[in-house]
Amino acid sequence: MIEITNLNFRYGKQPNLFEGLSLSEDAGNIVGLLGKNGAGKSTLLKLLTGLLEAPIGSVNVMGENPIWRNPSFLEEVYFVPEEYDLPSVKIAEFVKANAKFYPRFDHSKMGKILSDFELNPENRLSKQSYGQRKKFLIAFALSTNCKLLVLDEPTNGLDIPSKAIFRKVVASSLSEDQLVFISTHQVKDVENLIDKIIILDQGKIIFHESLWEISEKVAFSTVTSLEGSQCLYHEIAPGGFNIMKPANGNTTEVDIELLFNATINGIKFN
């Protein structure tokens with residue numbers, strides 16, 4: 001599905017953001033793309049969707065170079081950016097005008113997700129709040145049934161009930177031939193959704209594993225004392241410490257936030 005090889009990229013005369021970056025990812029996964037501000041997350045998403053071109057290296061998505069912007073590529077990719085502009089039209093009018101560009105668009109799915117998000121198709125997009133417009137874009141993206149869905153900070157602007165609905169509709173709307181990239185700082189919003197994690201730091205991929213692989217290696221727990229805990233990494237928590245330790249056959253849920261902080265701080269557990 002995605003193959004990036006020895007990619008270099010920079011903005012203008014700035015130092016390289018990516019240098020020799022390589023990445024391979026298959027369909028059937030929901031990938032969480034994590035990193036600090038400026039790590040290159042949004043740039044990587046734009047390279048994957050053909051909004052930016054890398055001068056050195058190759059980007060191959062579904063057998064095509066994204067920058068060519070072929071119709072056969074564009075009808076299988078949908079990108080929900082963090083910041084966006086929408087026309088001053090009704091939701092139903094936007095769907096009628098744009099759904100035709102996606103051969104597998106599912107109008108019944110669109111109606112169901114709009115209902116889940118409590119959005120009226122007769123609502124004018126320009127009159128909606130930031131969060132309501134974000135919910136509409138998520139609904140439209142999922143309804144395209146594109147093979148590659150790219151969501152940049154999808155839960156920004158959503159209230160707590162809407163975040164729960166977001167997780168439900170994403171989990172129930174995808175098929176095995178799709179690949180989803182979710183770039184976010186709000187890891188708690190997506191930790192029950194994603195099945196693979198990529199961590200970018202200073203333009204390099206420093207972590208790329210499935211949650212299953214992680215849980216085979218390390219366990220996560222809360223303890224009142226670090227003594228005798230075999231702790232690999234810890235953070236202070238109410239009543240004690242949140243820790244990572246060798247799994248030793250003990251499978252636990254993955255604390256993605258703790259994992260991210262440990263990885264950024266150079267902790268190795270391979």
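Predicted model: local features only at pLDDT ≥ 70, side-chain atom pairs only at ≥ 80, totals over all residues.
Residues are numbered from 1 along each chain as its sequence is written, and side-chain values use heavy atoms, with hydrogens and water left out.

**Stop 1: the two domains**

Colour 2-202 as domain 1 and 213-264 as domain 2; these bounds come from an automatic or database domain assignment. Their C-alpha centres lie 31 Å apart. Where they touch, 10 residues come from domain 1 and nine residues from domain 2 (contact means heavy atoms within 4.5 Å).

Next, pick V187, I197 and I199, which supply 46% of the area that domain 1 buries against domain 2, more than any other three residues. The area buried between the domains is about 830 Å², with 79% from carbon and sulfur atoms. Buried area is the accessible area (1.4 Å probe) that two parts lose on being put together, summed over both.

**Stop 2: one salt bridge**

How many salt bridges are there between domain 1 and domain 2? The count is one. Show the side chains of K188 and D255, which meet in a salt bridge at 3.8 Å, N to O. The term means a side-chain nitrogen of Lys or Arg within 4 Å of a carboxyl oxygen of Asp or Glu.

**Stop 3: N145**

Now jump to N145, in the loop between helix 5 (130-144) and strand 6 (148-152). Helices (H or I, at least four residues) and strands (E, at least two) are DSSP runs, numbered from the N terminus. N145 has a positive phi of about 60 degrees although it is not a glycine. Show K109 too: a polar contact of 2.6 Å joins its side chain to that of N145.

Is N145 buried or exposed? N145 is buried, because its relative accessible area is 13% and buried means under 20%, exposed over 50%, partly exposed in between (1.4 Å probe, protein chains only).

**Stop 4: R69**

Finish at R69, in the loop between strand 4 (56-61) and helix 2 (71-74). R69 has a positive phi of about 55 degrees, though it is not a glycine. R69 is partly exposed, with a relative accessible area of 34%.

Notes. Polar contact = N/O pair within 3.5 Å; in protein donor to acceptor, adjacent residues only side chain to side chain.
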